Amino acid sequence: FLCPHMHVFLSIAPRICILGPPASGKTTVAMWLCKHLDAIRISQETLLFKEALPLTKEAKAYKERKQKIPNALWANLIQARLSNVDCIKQGWILEGFPENQEQAWMLQSSGIIPTHVVVLYAPDTVLIERNSGKRLDPVTEEVFHTTFDWPRDPRVQQRLVKPEDMSEEEISKKLLEYHRSFPGVFQTYQKFLKSINADQPCMDVVSQALTYVRTRHRSAAPFTPRILFCGPPGSGKRLQAALIAQKYRIVNICCGQLLKEAVAEKTKLGELIKTYFDNDRPVPDNLVVKIVAKRLNTLDCMTNGWVLCNFPRDIEQGEQLQRAGIIPN
């Protein structure tokens, strides 16, 4: 991976899913990857107990009534969290989600597509045994194990607590549910999915996961595509763009997201755009074209190709894009 463009690859914000059955070590792996990549960890627990999103209260109400939180509500919660400035700027690691194919499709239709999916696996007997030995550090929220991963620091050992974990019967039920649901998730993400055996020392699992998420996928497209999606509101442009980007591993460009990223990065253009955002005014065409043209001229877009939706919206914007040398094929 030592190439002149290495800095370009590493500067792309990570978008990673860590999946696997209960007690496979998802939290531990996600936390280590966050430390190495400086990304934001998003899990069901952080969404319910650490966030103050408009939908958090609604999701908590289901939890309190001991009802299953609907797939659509989870997907909307995740979409709301991932559109925050910290996730746009630093990237994200989504832990334990999606759990089934419907959730995966809902994320896709919102334009949320991971670049890497890590799936942990281990025999059910190992996972059931692990579940009973789990210990939680209430200070750092790191997960340890009495047999597999005991901390060396005596101070950490002393403050570890036993989490309110599932009984053997409950974890067996959860494992059955996981094995039933997972094939659909595998089918959705198989082109950029890596399975890692979790029944080995913790740091070996982390090391393999880190090596994988630092790789760049090659494009599967037969030529360098430059695709423009047009259509009226609600016609499904974003979903089709997301699916094509996923299938051919090309760069999915959403105009609104680019503007948010420019504001988050506090560039000169971003500062200009922010004034329009703050006053609820439309961003002028010339600024939008500059941002779009700059992104489409980066190495990953020129190498792998791109798909653009929601821009241009009229003849004038289209002509400005052409003058900027952006011509779809």
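Lys-274 has a relative accessibility of 36%, so Lys-274 counts as partly exposed. Keep in mind that this is a predicted model. The side chain of Lys-274 meets that of Asp-278 in a salt bridge, with 3.1 Å from N to O. Asp-278 has a relative accessibility of 52% and counts as exposed. The cut-off for exposed is over 50%, and that is why 52% puts Asp-278 in the exposed class.

Where do Lys-274 and Asp-278 lie? Both are in helix 14, residues 268-278, and they are four residues apart, about one turn of the helix. An α-helix has 3.6 residues a turn, so residues three or four places apart point the same way.

How many salt bridges does a search of the whole structure find? The count is six. I will go through two others. Asp-153 forms a salt bridge with Arg-155, and their closest N and O atoms are 3.1 Å apart. Asp-153 is partly exposed at 26% relative accessibility, while Arg-155 is exposed at 61%.

The other one joins Glu-177 and Lys-68, with the closest N and O atoms 3.6 Å apart. This pair links distant parts of the chain, the two residues being 109 residues apart. Glu-177 sits in helix 10, residues 168-189. Lys-68 sits in the loop between helix 4 (56-64) and helix 5 (71-82). Is each of the two buried or exposed? Glu-177 is partly exposed, with a relative accessible area of 34%, and Lys-68 is exposed at 62%.

Five strands form an open sheet in the order 2-3-1-4-7, with parallel pairing. Its edge strands are strand 2 (40-42) and strand 7 (193-197), each of which pairs on one side only. From one strand to the next, the twist averages 20°. As background, strands of a sheet pair through backbone hydrogen bonds, either parallel or antiparallel.

Take one pairing as an example. Strand 4, residues 116-121, pairs with strand 7 in the parallel sense over five bridges.

Next, strands 9 and 10. Strand 9 and strand 10 run parallel and are joined by four bridges. Val-251 has Trp-306 in strand 10 as its bridge partner. In a regular strand the side chains alternate between the two faces of the sheet. Strand 9 has a covered face with Val-251 and Ile-253, and an uncovered face with Asn-252 and Cys-254.

What do the buried residues of helix 13 pack against? They pack against helix 6 (85-90), strand 9 (251-254), helix 14, helix 15 (285-296) and strand 10 (306-309). Helix 13 covers residues 255-264, and its buried residues are Cys-255, Leu-258, Leu-259, Ala-262, Val-263 and Ala-264. Helix 13 is followed by Lys-266, which has a positive phi, near 55°.

Gly-231 lies in the loop between strand 8 (226-229) and helix 12 (237-248). Gly-231 is partly exposed, at 36% relative accessible area. Gly-231 and Arg-313 are 82 residues apart in sequence, and their C-alpha atoms are 9.2 Å apart in space.

Now the whole chain. Its secondary structure comes to 17 helices and 10 strands. The C-alpha trace spans about 65 × 45 × 40 Å along its principal axes. A compact globule of 329 residues would have a radius of gyration near 20 Å, and the chain has 22 Å, which agrees.

Buried residues make up 43% of the 329 residues. The chain exposes about 18000 Å², and carbon and sulfur atoms supply 54% of that area. Finally, take contacts between residues at least 6 apart in sequence: 71% of them join residues at least 24 apart.

Notes. Residues are numbered from 1 along each chain as its sequence is written. This is a predicted model: local features need pLDDT of at least 70, side-chain atom pairs count only at pLDDT 80 or more; totals for chains, interfaces and linings use all residues. Side-chain values use heavy atoms; hydrogens and water are left out. A salt bridge is a side-chain nitrogen of Lys or Arg within 4 Å of a carboxyl oxygen of Asp or Glu. Buried means under 20% relative accessible area, exposed over 50%, partly exposed in between (1.4 Å probe, protein chains only). Two strands pair if DSSP finds at least two bridges between them. Axes are lines fitted to C-alpha atoms, for helices over the stretch in contact, and angles run from 0 to 180 degrees between N-to-C directions. Contact means heavy atoms within 4.5 Å. The radius of gyration is taken over C-alpha atoms; the globule rule is 2.2 Å times the number of residues to the power 0.38. Accessible areas come from the Shrake-Rupley method with a 1.4 Å probe; for residues, only the protein chains shown count as cover.
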